[in-house]
Amino acid sequence: MATNTDGRRTTGGSGGLLSPLVGFLGHRIEHELAVPWFCRDSELIRRVIGTGDRYTSFFLPEVRGIEHVPRRGPALLVGNHSGLFYMPDVWITGLAVLRRRGFDQPVYALAYDLLFAIPGLERVLRGLGAIPAGHEQAGAALDQGALVLVYPGGDYEACRPWSERDRVEFGDHHGFVKLALRARVPVVPVVAYGAHHTVVIVTRGERLAHVLGLDRLRIKVFPVLVGPPFGINSVLTPPLPLPAAITVEYLPALDWTDIGPGGADNDAVVERCYHQITDLMQASLDRLRTEHPHPLWRGATHLLQRGPSHLQVPAA
C-alpha cells in the first residue's frame, strides 16, 4: 500500500499475538531502510507495464486532466487512497503519469516500509520506483527533479469502511504539506473515484490491530471485509475485487511557492494549505459521484457486455 510522509515506523515495545512475526518484520525494515533508496529500473517498468494495463482493464479506467502533470521537473502528486491492497487507483495513476512523462523521467511513489520487509518483493518495488515513505526520502527525490506520488491517508484511508467510500480521509496527516512548502514544488492533486467501490470493508479493525501488536509497525488497521468467495474475510483471506468503474482526475497544480519554506513551521499556514487541497479533492470526488453515482453497476455492466477496457491516456 502506498502511504504518507508523517513519521517513521517504530518496532520497539512488546506484546501482541503476532509478536514474533512483528519482531522479524521490524528487523527486516531496519535492514531495508539502510539500502540505497533509489533503484528505479526503466527497463523493468517497460516489461511490466503490459501487466498493469491488463490489471486495470478490469475496472473500466478513465483518466482526465493529465495535462496538469508537468512533463519535466520536480512535483508532488497528492492522491486519495482506496481499494485496500488491490490499489487499482495507484496503478491507473502511475501508468498515466509514466505515459505523460516518459519511462526515463524520474518518477517515485512513497510506499509502506513494511512492504520492503517482504523478501523478494523489495527488489520489484524498488525497480518500479517505490521508495520507503518518509520526509528525507521524498525530499531527496524532489531534489533530483523527480515527480513524487504520495497518498497522505495511508492505510487509514485505504481501509476506511464502505460507508465512507466517497470521502477523502487523510487522517490529519500534514507531512506532505510541509514537504511541499520546504521543497517549493508544484502540488498536483489527483482524485480517484470508484476505487473504494471495489472492496467492501466493514471496519478498519483498529482495536484488532492493537491486540495483534501491529501498531508496533505503525500499522493501525486490520480490516474486516465482506465479499466472495468466503463471505466474511480479513486481509489474510481477502475477497476478490469487484469490477467498479474507476475515474482518475488530475486537478490544476497548486502553487505554494510564494509562502516560502518557513511556512512549513507555521501551524496556521500548514493547516490552511491542508484544508485547501482536501476541500478541492472532496469537491472533485463529489462531482464525479454525481456524474456516475453507481460505479460498481457501471463497471460490471460494461465488463459483461463488452469485456475489459484498456486504459486510454488522453493526449495533452
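This is a predicted model: local features need pLDDT of at least 70, side-chain atom pairs count only at pLDDT 80 or more; totals for chains, interfaces and linings use all residues.
**Exercise 1. A charged residue under cover**

Find the helix that holds Glu 157, then decide which side chain of opposite charge is nearest and whether the pair is or is not a salt bridge.

Solution. 
- Step 1: Glu 157 sits in helix α6, residues 154-158.
- Step 2: Glu 157 is buried, and its nearest side chain of opposite charge is Arg 160, 4.5 Å away.
- Step 3: A salt bridge needs a side-chain nitrogen of Lys or Arg within 4 Å of a carboxyl oxygen of Asp or Glu. Glu 157 has no salt bridge.
- Step 4: Look further along the chain. Leaving aside neighbours within four places in sequence, Glu 157 touches residues including Gly 79, His 81, Arg 167, Phe 170 and His 196.

**Exercise 2. Positive phi**

Leu 60 and Met 87 each have a positive phi. Locate each residue and classify it as buried or exposed.

Solution. 
- Step 1: Phi of Leu 60 is near 45°, and Leu 60 is not a glycine. Leu 60 lies in the loop between α2 (42-56) and β1 (62-64).
- Step 2: The relative accessible area of Leu 60 is 13%, so Leu 60 is buried.
- Step 3: Phi of Met 87 is also near 45°. The loop between β2 (75-79) and α3 (88-101) holds Met 87.
- Step 4: Met 87 has 16% relative accessibility, so Met 87 counts as buried.

**Exercise 3. A nonpolar patch**

Which residues make the nonpolar surface patch of about 220 Å²?

Solution. 
- Step 1: The patch is made by Trp 91, Val 124 and Leu 128.

Terms used: Residues are numbered from 1 along each chain as its sequence is written. Side-chain values use heavy atoms; hydrogens and water are left out. Helices (H or I, at least four residues) and strands (E, at least two) are DSSP runs, numbered from the N terminus. Buried means under 20% relative accessible area, exposed over 50%, partly exposed in between (1.4 Å probe, protein chains only). Lys and Arg count as positive and Asp and Glu as negative; His and the chain ends are not counted. Contact means heavy atoms within 4.5 Å. Patches are made of residues with over 30% relative accessible area and no salt bridge: like charges are joined within 9 Å, nonpolar side chains (Val, Leu, Ile, Met, Phe, Trp, Tyr) within 5 Å. Accessible areas come from the Shrake-Rupley method with a 1.4 Å probe; for residues, only the protein chains shown count as cover.
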